[in-house]
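Hi,

Here is the structure I promised to send over.

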Amino acid sequence: MKLKGSSVPSIILKHAPECCDVYVVSSNKLMTNSLNPLLATEGDLPTINKQKSSASSASIDGVSHSRSSSLASSHLNFPAFLDGNSSNYASLQQKLNQNLEDVTTGLETVKECHISTSSEQLDIQDEVERVRLELQTTLAMYNQTCEDLIHTQNKVQLFSSEYLEEYRKVNAAKKREENLRKIAAEEKERHLEAEKEVETARKLLSEETYERQIAELKALQQSLEKKKTVDALLSSDHRYRRLTREEIEVATDYFCESKMIGEGAYGKVYKGDLDHTPVAIKVLCSDASEKKEEFLREVEVLSQLHHPHIVLLLGACPENGCLVYEYMENGSLEDCILERNSKPFPWFSRFRILFEVACALAFLHNSKPEPIVHRDLKPGNILLDKNFVSKIGDVGLAKIISDVVPESVTEYRNSVLAGTLGYMDPEYQRTGTLRPKSDLYAFGIITLQLLAACRPNGLIMVFENAINSNLLVDILDKSVPDWPLMEAEELARMALKCCSLRCRDRPDLETEVLPLLKRLSEFADMRTKVEKNIIQAPSPYLCPIVQEVMEDPQIAADGFTYEHRAIKLWLTRHSVSPVTKQILQHKMVTPNRTLRLAIQEWRSQVTSFRPRS
């Protein structure tokens, strides 16, 4: 029986044994039950067919075609067999047998084809094995390539990051380079400008040097002319005695060291004997040529000033810068205040000296045609004679003021300050403007020094605190046991006003300071007169508060008699009796006229027997 149809190959493979490989060749197809994947696909047939011989291909195609035709015809006749009768069964059975025979024959043909192509199959398997090995090798190479690729990618990433970092560094370097180029350009411009300025400065310097040389020559000529003029004036000035160098050497015993009584920035001071008269000779230092102007000013000022409390200029020697003064036996006021020599220095002498110095200052400030300011008033420049009469000396820094600036105007001037720190006017230090009241500040400091007997540093603050705390007695000079407290306080308050920072706040010398000092000086003279006979004064004549002879005795509520000024001051601060320390019933006082007459009579008796001084 010969089977035909498209399902014949699959039916054959279905019934084929598993112990062998079965191949079914049909039109352009090769089907097998083999497990080899390369032979199981239908698409490989063209490749295999190319390797077959032309004879095998023709036989296989013929078998397959006959088998397919038989299977197809049997399949087409199968419905007719189902619909026919038994007479047709034999014919149908016969056809089926025939088809089976055809299938058997086809199988045998296939087997023969299989045998004929087994050698080719072996070649195919060898080729497949070779391809499989190549595939494994290719896979191994592929894996290695993948690993190399990953490694290369990592390197690429690393190189990329390094490249980015280097790129950033390069950009930063470029920016820095640009900035440095800009800075270099700016510096170059500045350098060029500086070179231009240096060149300009050199030109100016050369011009200024030339002008300075010209000015120095002119100044030298003027100095020589001025020196000639001064020498001519000094030689023709008859207001003082002109001395020779030989006379000065003889008077000072050739400048013997034992004759030297003082030394300062100006030079040395010697005690001399001129015409059997003791004199003080101030000698200019040989290396103090800049003091020549000060020497000439002192000659000019002292030669035209004559006052009982200004040191008298007796003569001068312009050749070697010597000034001859009257000799002051008791030295300077500074020696009496600070050195504590053996000579007593009572309070009434201090009051009198202040009045004398104030009179000398008023004389200088009222000089005509122009006022004179001392500028260096201090205890070291106030000299005392054998009777402790004071005189102002050392006027080398004195200045004649041609244009006095009003006190209400603050004017700043470029001037060289002169004076001694501690006594120099603060407003003069700050503005450079000199006024007559500049001396009044130094006078106030000297007054405080006479009261406290100490150096000027911080005195103003000390006295202000003491007066505000009613403790003035604690800072007064302890070497004076009998200070008149009310007068001392009055004097201290006046001194503090003189020490005001601004000139406009200081009192007027003639209308305010001198009247007070005159009254205190008279009070001191009166005390001096009584001092010699104070032991004989009866105790009822003495004020219990100040222990002085009363001038205006007054009876208080406690029944005791006091000096009127003393009890008034006491009652303003206290409400108890100065003697009994009991509370007073009232603060009214009554004049004790009887005691006043008795005191006046006693004073007249004392003064009538007082020797004249």
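Let's start with Arg565, which is partly exposed at a relative accessible area of 36%; here buried means under 20%, exposed over 50% and partly exposed in between, with a 1.4 Å probe and protein chains only. Before going on, note that this is a predicted model, where local features need pLDDT of at least 70, side-chain atom pairs count only at pLDDT 80 or more, and totals for chains, interfaces and linings use all residues. Residues are numbered from 1 along each chain as its sequence is written, and side-chain values use heavy atoms, with hydrogens and water left out.

Which residue does Arg565 meet in a salt bridge? The partner is Glu487, at 3.2 Å from N to O. A salt bridge here is a side-chain nitrogen of Lys or Arg within 4 Å of a carboxyl oxygen of Asp or Glu. Glu487 sits in helix α14 and Arg565 in helix α16 (residues 564-573), so this pair ties together parts that are 78 residues apart in sequence.

Arg573 lies in α16 and Glu489 in α14, so here the parts tied together are 84 residues apart in sequence. Glu489 also meets Arg493 in a salt bridge, 3.0 Å from N to O. Those two both lie in α14, four residues apart, about one turn of the helix. Both arginines are partly exposed: Arg573 has a relative accessible area of 40% and Arg493 has 41%.

As for α14 itself (residues 485-498), ten of its 14 residues are buried, so the helix is largely enclosed by the rest of the structure. Among the buried ones are Met486, Leu491, Met494 and Cys498.

Elsewhere, Glu127, Arg130 and Glu134 are linked in a network of salt bridges, and the total count comes to 20 salt bridges. Finally, Leu164 is located in helix α6 (residues 118-236) and is partly exposed, at 44%.

Cheers
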